[in-house]
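Hi,

Here is the structure I promised to pass on. Have a look at it first, and then read my notes below.

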Amino acid sequence: MDRLDAREGVVTFGALARSGFRRWSTYRQATIAGAFTNVVFGFLRCYVILAVAAATAGGLAAGYDAEQLATYVWVGQGLITVVGMWGWTELADRIRTGEVAADLLRPVPPVVSYLAADLGRFGHAMLTRFVPPMVVGAIFFPLYVPHRAGTIPLFLVSVVLGTLVSFAGRFLVNATAYWLHDARGPIGLWTLASGVLAGLYFPLRLLPDWAAVLLYAALPFAGMLQIPADVLTERDGPALQAGLVAVQAVWAAGLLFACARVQKRAESKLVVQGG
Amino acid sequence: MTVIEMHDLKKDFTVRVRAGRFRRRKRTVAAVDGIDLTVDRGEMVGYIGPNGAGKSTTLKMLTGILTPSAGTVRVCGLTPVPQRTRLARRIGVVFGQRSQLWWDLPLHESFTLLRHIYRVPAADHAARLARCRSLLDLDDFLDTPVRQLSLGQRMRGEITAALLHGPDVLFLDEPTIGLDVVSKQAVRGFLAELGQGGDVTLMLTTHDLADIERLCRRLVVIDHGHVVHDGTIEALHARYGSRRRLVADLDAPLPASFTLAGASLVASEADGHRVSFTLESTTAAEAVAALMASASVRDLSLVEPDIEDVVARLYASPGDTS
Amino acid sequence: MADLRAYGALIGGQFRSIASYRVSFLVEMSSNAMTTALDITTVLVLFGANRSVAGFSLAEALLVASLSSLGFALADMLVGNVDHLKTYVRSGLMDVILVRPLGSLWQLLCMDLPFRKALRVVLALVVLGVAIHLNDVDWTPGRVALLVLSPLAGLVFFGAIFVLSASLAFWWVDSGELGSAFTYGGRDFTSYPVPVYAGWFRAVFAYALGFGFVAYQPALALLGRTDPLGLPAWAGYLSPLVALVAAVVAALVWRAGVRHYRSTGS
C-alpha cells in the first residue's frame, strides 16, 4: 500500500472533507425539515427547564441561571446534528453488504477517510443546523452572552472535539458489525445512551454530585453536548472550563486510537477469512 | 366481451428541475399521454416500449395503484382507484421486481396467508394450488423460506400467488426479468397454457421479445406515452417492411446477370457460394423453385424476420405519432 | 367481519417472520423498554429537585407523564411503524399492498407490527399504577372510566398523529424528520403539565393541535384539581372526542395521500 507523504495527506484529507460537505448539501429539504424539528424540540425543552429553574430557590438549577439554562437547551438542539449523535450506520451497512472491501483497496486508511467525510458533514451542519436553532432561541428567549474573551474560541475547540468523540464512538459501534451478524443492537444502545448521558434531556449536574462527576469523566458522552454547552454558558471558572475541554481531548484521542486498533484487527480478520 | 378499456388515458408527473443554484422549476412530464385501448376477454396482449415509455405507469393505473390525471379506465367493468378493493379480487398482478411473498416465511405460508386475504374457499384454493404445483414444479421448495429461493423459483411462487384467487385478468410486469433460460421456458410454458383456456385475460410488459413471440397474438407498442403500434406481430412486420430471407449455399457462384423475380439479392458471401435474397413480392415456394431451376443448390434455409430489429427501428424513429 | 380474519392472518404472518430472528428481537425489545424508562427518569430528575414545578408536585407530574407514556407506547407499537412509509414506497411494498383487497393503512400496520415494543406498554402500565398509588384519587365511576378511556384515547390520538406525519411523505418525499416534531415532540409535550409552557407555543400545541387533552386535562380530572389555565373540570372527559376528531382528519389525509401516491421506478 502506498504511503502518502504529509503534504499529500493533508490535500487528500481536505478533498475527502469537501466531498463530505457537498454530499450533505444535496439534502436541502431534509436539512430544512431537520432544523424545524430541532427548533420545536428547543421550545419544548426550554419551557420545561425554565419552569424547573423558576421553581428552584434563587432561580438557580444545578448552578445555572435561567439565561444559562435556555442557552444550554438551544445549544444542545443545535449540536445534535453537528456532532452527529444519531443515525450513522454507513460503516455497518458497508460491512454487512461486503462493500467495505472496496474501502480497504484505497490508499487512505478507512478510519481517516470516514473521519474526513464526517468533518465535511460537521462543517455543513455547523452552517445549516447549528445556526437556525440558535437564532430562533435568541428571538424567543433571553440567552446568555459569554463575558470572557476566550470562551468562543474554546467553545469552537470543544465542539470539534465533541464531534471527534462522537465520530469515534459511532465508528466503534458500527465496527461491531465485523464480528456480529447484526450491529443494530449496539447502534441502538449507543443512540439510547448518548441522548441522556450527553445531557440532551437535562443538564447532568441536576444529578447527585458523584453521578455527575462519573458521567463527565468516566464516560465519553458528556463530551458530545454537555461540555460544549457548559463552556459556552460559562458555567464554571476559566480553569475548570479549560479542564473540561482537556477531558474531551483525552477521550477523543483515546477513542480514535481505539478505532485504528479495531479497524486493524478487523482487516486482518477479513484477510484471514476472506471476507 | 371487453375486459380492459382505456380512453384517452393520461398520467402527468410534476418534477422539480434545478434551475440555478437555489431555484427549482416545476415541470410537468406526461408519462402516459392519451392512450386508447380495449382488450377482450381471453386475449393475451404484449405491452412493450423502451424504458420510460409509460408501460409500468399504464399497468399501475389499470391495477388501481396510480390515479390517472385524465381520461377513463375500466377493468372488469370497475374503475380501478375508487373500486380498488373490489377490483383486487378480480385481478392478479405479478411484479418482476417486487415481491408479494413473505420474505421470512416458507413459501406455502404465503399461499395460506393470501387465501385469507382474498377469502378464497378452501376447496378452490386447494384445487388451484395443486394445478400450479404440478405445472410449475413447486413441490421441491414449498417449505423453503422465500428469502432463500432462487429468482426463478421465486417467480414461479409469485405467479402462483397471483392466481390463487382465480383472477379474470392477470397483469405481469417484466415476469421474466433476470431469469435463467430454463426458468424463462417454464414461466412461458405455464402462461401459454393458462392463456389457452381462454378464460384469463393476460397483459404483460417485457423487455424480452421472445416472451411476446411465444405468448402474445397481439402486440401493443408504446413510446413517449403514445401507442405507436397495436396489432399482430405479422402486422408489425408488414408495416415496417420486414421481410423473410432466403439463404442458399451453391455449388458454383451465380452469373452476375442472375435475378430472382420478386426478390432482391442482399448478400453474397464465400466468393459467391452463399447468397441471400429478401422476398418482396413472391412466395418462398416460387423463389425456391426459380432458384433451383437456374443453379445447383446444395442447401437452403428460410430466415424469419427478427422482431428485435423491427422494434429497435420503431424505438429509434423519433416520436412520429400524429 | 371476514376482513378481521384476514388482518389476523397478516399479524400471525408478521409474528412468525419476527420469530425467525430471536436474538435481535430480544435485544431490540429491551433497548425499547429502556427508552420508556429514560423518559420517566427525565421527568423524575427534572421534578425531583423541587417540591413543585409550575404548581405541580412530583406525584402529579408523574400521573401526567405516565398517562402520556401509556398512550404513546400503545400507539407507537400499533401504529408507529407507519413512519416507515418512505421505505415501503421505495421497496415496492406499497404497490403490493394496493393490489390486495384490503384497506391499505390497516394492511401496512399489520404487516410490520413491531412486537418488540410490547415491553414498553407493560412498563408504562406499571408506572401508571405507581402514579395512581402516589396520588390520592377520590374514585368515582366517572373517574374509573376516564382512567381506562384516556390511555385508549391517547392511543387513537397519537396514532392519528403518526398517520398524519407519515402521510406527509406522499406529497413531500424528503420530509425527513419533520414528522417527529409532532410524534416524539407531541410525546414530550404531553409528558409535562401544560402550565409549564407559555405563549403561542402553548396555544398551538395544547389547544390547536389538541395535545393538552391527551394527558394533562384527564390527569386534572382524575385528581379533581382545577385547571390553573381556566378550562372547566369536564375538559378532561373530552379526550376521547379530541382523539376521534384527530382520527377522522388522519383517515381523510391518508386517503388523499394514497390518491396522490406516485409509486417509484419501473
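Let me start in chain A: A:Asp118 and A:Arg121 sit three residues apart, about one turn of the helix, and both belong to helix α6 (residues 110–140) of chain A. Helices here are DSSP runs of H or I with at least four residues, strands are runs of E with at least two, and both are numbered from the N terminus. The side chains of A:Asp118 and A:Arg121 form a salt bridge at 2.9 Å, N to O. By salt bridge I mean a side-chain nitrogen of Lys or Arg within 4 Å of a carboxyl oxygen of Asp or Glu. Over all chains, that rule gives 33 salt bridges.

Before you go further, some housekeeping. This is a predicted model, where local features need pLDDT of at least 70 and side-chain atom pairs count only at pLDDT 80 or more, while totals for chains, interfaces and linings use all residues. Residues are numbered from 1 along each chain as its sequence is written, chains are lettered from A and ligands numbered from 1 in the order in which they are written, and side-chain values use heavy atoms, with hydrogens and water left out.

Now the A/C interface. Chain A brings 30 residues to the contact and chain C brings 32, with contact meaning heavy atoms within 4.5 Å. About 2700 Å² is buried between chain A and chain C, 76% of it from carbon and sulfur atoms; buried area is the accessible area (1.4 Å probe) that two parts lose on being put together, summed over both. A:Leu44, A:Tyr47 and A:Leu192 provide 21% of what chain A buries against chain C, more than any other three residues.

There are two salt bridges between chain A and chain C. C:Asp188 makes a salt bridge with A:Arg45, with the closest N and O atoms 3.5 Å apart. On the chain A side, α2 (28–55), α6 and α8 (184–197) of chain A are the elements giving two or more residues, and α2(A) gives the most, with 17 residues. That side of chain A divides into 21 nonpolar, five polar and four charged residues (Ala, Val, Leu, Ile, Met, Phe, Trp, Tyr, Cys and Pro count as nonpolar, Asp, Glu, Lys and Arg as charged, and the others, Gly among them, as polar).

On to B/C. Here 33 residues of chain B contact 31 residues of chain C. The two chains bury about 2900 Å² between them, 55% of it on carbon and sulfur atoms. In chain B, the residues losing the most area to chain C are B:Arg84, B:Arg98 and B:Ile117, together 21% of what that side buries.

Chain B and chain C share four salt bridges. C:Asp3 and B:Arg119 meet through their side chains in a salt bridge, 2.7 Å from N to O. Among the elements that each supply at least two residues to this side of chain B are β1 (2–18) and α3 (107–118), and α3(B) gives the most, six residues. The side of chain B that touches chain C has 15 nonpolar, nine polar and nine charged residues.

Finally, there is an open sheet in chain B, four antiparallel strands in the order β11-β12-β10-β13 (two strands pair if DSSP finds at least two bridges between them). Its edge strands are β11 (263–269) and β13 (297–303) of chain B.

Cheers
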